[in-house]
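Hi everyone, thanks for coming. Let me put the model up, and then we can walk through it together.

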Amino acid sequence: MATAAQQPFDLSSLSRDVTTWVREVAAQTQPAAIHWCDGSDAEFGALERALVQNKELLPLNQSTNPGCYLYRSHPSDVARVEHLTFVCTQHEIDAGPNNHWMAPAPAHRKMDELFRGCMRGRTLYVVPYCMGPIDSPFSRCGVEITDSAYVVLNMKIMTRMGRAALERIARESTFVKGLHSTGDLNPERRFIMHFPEELSIKSFGSGYGGNALLGKKCHALRIASWQARAEGWLAEHMLIVGIQNPQGEIHYLACAFPSACGKTNLAMLIPPATFPGWKIWTVGDDIAWLHPGADGRLYAINPESGYFGVVPGTNAKTNRNAFETIQRDTIFTNVAVTADNQPWWEGLPAGVPVADWQGRPYDAKNGPAAQPNSRFTVAARQNPSYSTLADAPGGVPISAIVFGGRRRSVAPLVYQARSWAHGVLVGAGVASETTAAAVGEVGVVRRDPMAMKPFAGYNFGDYWSHWLNVGRKLSAPPQIFHVNWFRQDAAGKFLWPGFGDNLRVLSWIIDRCKGKAAARDTAIGYLPAPDDLDTHALDIAPGAIEELLTVNADLWRDEMNGIGAYLQQFGARLPKALQDEHQAAIDRLKKV
Ligand code: GTP
Ligand code: SPV
Ligand code: MN
C-alpha cells in the first residue's frame with residue numbers, strides 16, 4: 001500500500017486525529033493507495049487527466065467550452081435518496097417524525113459491513129475541507145474520505161479544500177468525519193447515515209451530489225443544524241443575495257426555497273431593463289449559516305465556494321449570470337451533447353442533441369436529452385455577480401428572510417409575516433411540489449418546512465423552538481416574507497413571469513423592511529395591493545396581478561387546517577408559541 005509519506009507534502013503529519021482515523025478506515029476498507037488531498041490546482045489537473053484517461057470524465061468541446069467536462073453517473077444514481085437517508089440519534093424522538101431513524105449501533109454495524117474491503121484496488125482520498133471562509137470564526141471543518149476522484153474534484157470546487165483546511169483542523173480539536181464509498185452503486189446497498197451526536201457521516205453506494213459530496217447537505221445542513229442548535233445559530237437551505245438600489249444602498253436577503261425551486265436563479269438575478277441602476281450580488285445559492293450579531297442583527301455566511309446547480313432551463317434569458325458562469329471550467333453531470341461535443345440541455349434556444357445523458361443516440365422517445373436533475377459544478381468566483389463580501393469572515397447583515405414554495409394555487413405572489421414568531425409559522429407551513437432533485441414522484445405537494453424537510457438533522461419541533469429562541473435574541477430581526485413564483489392559471493401557464501422580474505417583488509420586500517412600502521393587512525399577513533408593486537413595463541396577462549395577490553379565504557382555511565394537522569405530529573416537542581401563532585391564524589381566517 002502506498003503511504004502518505006510518499007507524497008511531496010507530508011500532510012498526514014499535520015493532524016494526529018485525522019491520521020488515526022484514516023488508518024482505521026484504511027484497515028477497514030483495504031484501499032490500494034492513500035492520497036492526501038492538498039487542494040492545489042496541480043492536483044486538480046492531475047485527477048482530471050486521470051479521469052479522462054479512464055473515460056469517467058469526457059472532455060467537452062475545448063474551443064467552445066474550455067475546461068469543461070461531462071460526467072455520466074449511473075442511471076440509477078441521479079438524485080438525492082431521501083428514503084435511504086437516516087439520522088441516527090440515541091433516541092428516536094431527537095431525530096423526529098421528519099427523519100428516517102435508526103439507532104447508532106445497528107446503523108454502524110450495517111455500514112461497517114458495507115465498507116469492509118470496499119476500496120480494494122481503489123485509491124482512498126483524504127479530503128480535508130472548510131465550510132465557510134477559511135478565516136471565519138463561523139466556519140466549520142470536516143474531512144471526507146472517499147474512493148471517488150469525481151467527488152474529490154467536486155469537493156475542490158464546492159469547498160475550501162486541502163492543506164489550509166487541514167491546518168485549521170490541526171489547530172481546532174473537532175472536525176466532522178465523513179466516510180464515503182461509491183461501492184457497487186447497487187441501490188439496494190445505498191445508505192446515507194448521519195450520526196449528529198458523533199459529528200460523523202457514513203455514505204455508501206451513491207456517487208451523486210447531495211449523497212456523495214458530504215460537505216454539502218450532510219455536513220453543512222444535517223450535522224450543522226444540530227451543532228447550530230447547541231451553539232445558538234442556524235444552518236439553513238437558503239441563498240444569500242445582496243440587492244443594490246440606484247442610490248448604492250445594499251440589502252441582503254436570505255431565501256429558503258425547496259430543492260429546484262429557484263434559489264440559484266434568484267441569487268444571480270438579472271434586473272429587468274426597466275430597473276436601471278439596480279445591481280445584484282451573489283453571496284450564496286444553496287446554504288446559509290446565520291449568526292446573531294452583537295448589534296442585534298442576523299449575519300449570514302455561505303459555507304460553500306461553488307455552485308452545484310440545476311442545468312435544465314439555464315440560458316442567457318432566464319439566468320445570464322449562471323449561463324456565463326458555466327461557459328468554462330465546469331463539470332457537467334448528466335447533460336446531453338451536440339454533434340460537435342458541446343453540452344446541451346432542455347431550455348437552450350440553439351443546438352441539437354445527438355447523445356442523451358446516458359450516452360445513447362438521442363431519441364425523444366427515451367425522454368429528455370438531459371437528465372432533469374442534471375447539474376453543473378462551478379467555482380462561485382466565476383459568477384459575474386459574485387459578491388466581494390462572499391468571503392467576509394463576519395458575513396453579511398440580513399434585512400429579510402424569504403420563504404417560498406412551488407405552488408400552482410393557494411400561496412399568493414408575496415406576503416409578509418406579522419412578526420418573527422408569525423414568520424416561524426409561515427416557514428413551518430411551507431409546502432411545495434416535489435422536483436427531480438430527489439428520487440420519487442415529481443409534482444406532488446408536500447410539506448417542506450423552511451425548505452428543510454430533507455435536511456434538518458433533528459426533530460422539527462425542537463428546530464422551531466430554536467428558531468423562536470434565535471428571534472428572541474435579535475433586537476433588529478430580519479422581516480420575514482413568503483413568495484410563490486409558480487402560481488398557474490387554469491390552463492397550467494405560470495401567471496408570473498419570474499426570473500428577473502422577481503426583483504419587482506424583492507424591491508417591495510426591501511421597502512417594507514425600510515417601512516416605506518404600503519400593504520394590506522390580511523388574515524395571512526401583509527400583502528401588497530397591485531399598485532404597491534412596481535409593474536412598470538411588465539409583460540403579464542390582464543388580471544394576473546390581481547389574481548396573484550388574492551387571498552382565497554376558503555382555500556386558506558383548508559391550508560391552515562392542513563398545517564395544523566402536520567404540526568400535531570410533533571406532539572410535546574411542538575413549541576407552545578408556534579401553536580399559539582397557528583391558533584391566531586385560524587382565528588383571523590374565521591373572521592373573513
Ligand atoms: P437546488 O440546487 O436543488 O437546491 O435548487 P434551486 O432552488 O437552486 O433551484 P434553481 O434556481 O436551480 O431552479 C430550478 C428550476 O426552477 C429551474 O428549472 C428554473 O428554470 C426554475 N425557476 C427558477 N426561478 C424561476 C422563476 O422565477 N419562475 C419560474 N417559472 N421558474 C423558475
Ligand atoms: C438539492 O437537492 O437541494 C441540491 C442538490 O441542492 S444536492 O446537492 O444533490 O442536494
Ligand atoms: Mn439545495
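The shell around ligand 2 takes at least three residues from domain 1 (12-61 + 68-231) and at least three from domain 2 (236-305 + 389-590), with the bounds coming from an automatic or database domain assignment. This is a predicted model, where local features need pLDDT of at least 70 and side-chain atom pairs pLDDT 80 or more, while totals for chains, interfaces and linings use all residues. Residues are numbered from 1 along each chain as its sequence is written, ligands are numbered from 1 in the order in which they are written, and side-chain values use heavy atoms, without hydrogens or water.

So who surrounds ligand 2? Among them are Arg80, Gly210, His237 and Asp286; near here is a heavy atom within 4 Å. A polar side-chain atom of Arg80 lies 2.9 Å from a ligand 2 oxygen, and a polar backbone atom of Gly210 is 2.8 Å from an oxygen of ligand 2. Taken alone, ligand 2 exposes 290 Å², and the protein buries 98% of that, by the Shrake-Rupley method with a 1.4 Å probe.

Now for ligand 1. Its shell draws at least three residues from each of domain 2 (236-305 + 389-590) and domain 3 (306-380). Of the 20 residues around ligand 1, the nearest include Lys263, Thr264 and Arg375. An N or O atom in the Arg375 side chain is 2.7 Å from a ligand 1 oxygen, and a polar backbone atom of Thr264 is 2.8 Å from an oxygen of ligand 1. On its own ligand 1 has 660 Å² of accessible area, and the protein covers 90% of this.

Technical notes
A polar contact is a pair of N or O atoms within 3.5 Å; within protein, one must be able to donate a hydrogen and the other to accept it, and residues adjacent in sequence count only if both atoms are side-chain atoms.
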